[in-house]
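I'm opening my notebook on this one and jotting things down as I look them up. First stop is the place where the chains meet.

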Amino acid sequence: MYKILVCDDERDIVNALKIYLTGEGYDVLEAYNGCEALDILNRCNGVNSDGTEAIHLVLMDIMMPQMDGIEAMVELRKSYNIPVILLTAKSEDMDKVLGLNVGADDYITKPFNPVELIARVKSQLRRYMMLGGAQMQVVPEEEARQKLIIGGIELDDRSKEVTLDGENVNLTPREYDILKLLMKHPGKVYSPQEIYQEVWQDPAYGTENTVAVHVRHLREKLEYDPANPRYLIAVWGHGYKMCDN
Amino acid sequence: MFEKLKGKPSAKILFFVLSVLSITFSIVEFGNILLKSMLLEYGSGDLYRELQVDYIEDYVHGIENMSDISIYLGLVVGIICSIFFFIGYMTISGYYVVDKELQVQRRGLSKIPLDLNFVIFMVLEGLAMSLLAELSYVLEMGSNMAGIIVLMICLIAVAMVVVALLYVMTLSVNFKLPQWWRHTICYKIIDFILGIVRNVSDNIRCNMARIKLQRRIWMIVGAVSFAEFILLLACLDTDAYGFLILLWFFEKIILIVFVYRLINQYAQIKDATQRISEGDLEAEVDTTKMFIDLKEEGEYLKSIKNGLDVAIEQRMKSERFQTELITNVSHDIKTPLTSIINYVDLLGKEKLENAKAKEYLEVLARQSQRLKKLLQDLLDASKASTGNVELHMEQVNAGVLLNQTVGEFQEKLMESGVELNIKVPNEEVRIYADSRYLWRVFDNLMNNICKYSQSGTRAYINLEKTDDRTIITFLNISREPLNISGEELMQRFVRGDSSRNTEGSGLGLSIAQSLTKLMGGEMQLSVEGDLFKVQLLF
């Protein structure tokens, strides 16, 4: 099964994580600081290893002695592209941005909801197995043009299907249209009026509420933490945009 | 050329002596030439009769017999030697070896001040000359001490050469030293007088500084006017119009210069003060050349500026300390809290037969979640109230934001049984704020509405724009009776629900108010019966 490396200087937290993860059927390896984590990684995933012991995901705390999470992250990214989820009590925006910038795939703050944590782990693993690392899926060009892919969200315009990390997501037609519009131009901010006009094909008269409601639903279906969305971002006072990862 | 001889006293004496000798010799040879031409004209007989001195007879004979060439040669040699020794003496004079170093020093005769020196020299030579004149007159008159007189004349002549040489030497020594003009009596007298004047004026200035500014100015004006008056009176009888006009002119020039300087300095101080008041604490004023009072003002300004610098530095330090404290503490609290939440959750997954244990576990779960929310709110509240947030201010479309907010809360509103009415004007209403934090404020207020409204009632949100401000009003009916004022409610940890049963932390309104204030707006709360009204004014 999949192997996960858990790294935190708090033994209790490492223990709790181990219990959760083994409960989901994963193998767990432990480390208590950045140096240990790198050692284990080199042993299991390094050039001299035979691949049988390879680690598939790393859960790493930031505030650790000897070598902190960010440093270890940078080192790690020099040789491996396995998914890394940063786990930390530092919840400022700056810290999140820094973490993601140095190469982390996700960021979850303590105290965390265990259910959310497991969901994120699963999502990262699925994506890793499907898209990167383990196997490369060759997507025929024609097919690629019909598909809109942003992060873990895949929208297939031929089959009108939307998947999140490989798992199907049920969207209403309006929700689908809104998602497609936003995914076609990632990073562009659409005002509620513009979205309404495009999707309902009607001029918007005081019905901007509707758009907000639909976006809210979309977010709840697509995001692990709707309050802190990774993909569907609300630009308050202006509109909405799809984050361009 | 004479470098090696400088500083050697023996060399000085030698050169002195040799200079005297060669100069004397040159003069003598010159005299011989004159004598010879006289002898040719008048014949020697006359001279003998005049002087009747033996040795002189012999001497004149000797000259008569000497060839012209030898005399001229002697003269030339004498002149060359004189020049050589004179220059040499002048060059090496004044040098002494002090602590193994060659220095020029004034010693002995050179110490006499130059003007005095000059006077003494003139007097001596004058005396010598008059003496010589007397003596030669005596000689002409005829005397039996002719021999001695002639000798005396020779001696006096030599003495004159010596004195002249010494005088020139002192001159050369003095000129070798820097600022030789200071070594005169005149200079010393002038310097002395100036010193006294300076002292007096410093004294006056000191004393003036002690007298109050206004009294001082009136004193000066009074004194000047009085002096003018006296002068005018004095000039009344005379026709000294020209003098009066000149005086008037003179006074005006002084006045103008004074006023100009005064205005300049004042302008400098004013400018520096303005810059400091605008926040530029680097403004400096050069107080060195100012009048007393303005100088003092400049100094005060400097100390104000320093005080400000210190105060600001301290404030920044304390703020930094505060934020560090809060981030560190909150981080340290979150770590054990994480474990608590995790293990409570894990416990929940274990099979617990004991019903009471399950109940207690639920309490633990609930409270630990509440603690988590409280911690986050505390962090936000402290950041917002110390202004430690980075604001990205922009023109936010209030109408769009409101509609987005309503969209987000639609479900929660439905669950709470609250019907929301919003009123937004047709034209675009823009607020200058940070969109994320404005959303936070709306978020807090909407959460309050959802949590505390009476089910089945309506809530209202109003957006209106008057000439100078934008007002957003949130109105709802409270489920529980509100027995406290709006002000109290906004205090931290105060909640309308006095039983403290619900999940709120009591910080929502406080955070909203801090954020609103940070963005330049104002939040007003009023409670009337069960009607709860929040107004945001921008």
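Entry 1: I looked across the interface of chain A and chain B and got 13 residue pairs in polar contact, both residues at pLDDT 80 or more. For a polar contact I need a pair of N or O atoms within 3.5 Å; within protein, one must be able to donate a hydrogen and the other to accept it, and residues adjacent in sequence count only if both atoms are side-chain atoms. I also looked for salt bridges (a side-chain nitrogen of Lys or Arg within 4 Å of a carboxyl oxygen of Asp or Glu). The rule finds two across this interface. One I noted is A:Arg219 with B:Glu408, whose closest N and O atoms are 2.4 Å apart.

**A note on the ground rules.** This is a predicted model, so I keep in mind that local features need pLDDT of at least 70 and side-chain atom pairs count only at pLDDT 80 or more, while totals for chains, interfaces and linings use all residues. Residues are numbered from 1 along each chain as its sequence is written, chains are lettered from A and ligands numbered from 1 in the order written, and side-chain values use heavy atoms, with hydrogens and water left out.

**Entry 2: how much touches.** I found 33 residues of chain A in contact (heavy atoms within 4.5 Å) with 32 residues of chain B. The buried area is about 3,000 Å², and carbon and sulfur atoms give 54% of that. Buried area here is the accessible area (1.4 Å probe) that two parts lose on being put together, summed over both. Of the area chain A buries against chain B, 25% comes from A:Pro111, A:Trp236 and A:Gly237, more than any other three residues supply.

**Entry 3: chain B by itself.** I get 15 helices and nine strands in chain B. Helices (H or I, at least four residues) and strands (E, at least two) are DSSP runs, numbered from the N terminus. The C-alpha trace spans about 165 × 80 × 40 Å along its principal axes.

Entry 4: Is A:Ser123 buried or exposed? A:Ser123 is buried, with a relative accessible area of 2%; buried means under 20% and exposed over 50%, with partly exposed in between (1.4 Å probe, protein chains only). A:Ser123 sits in helix 5 (residues 114-130) of chain A. Not counting residues up to four places away in sequence, A:Ser123 touches A:Asp165 and A:Tyr224.
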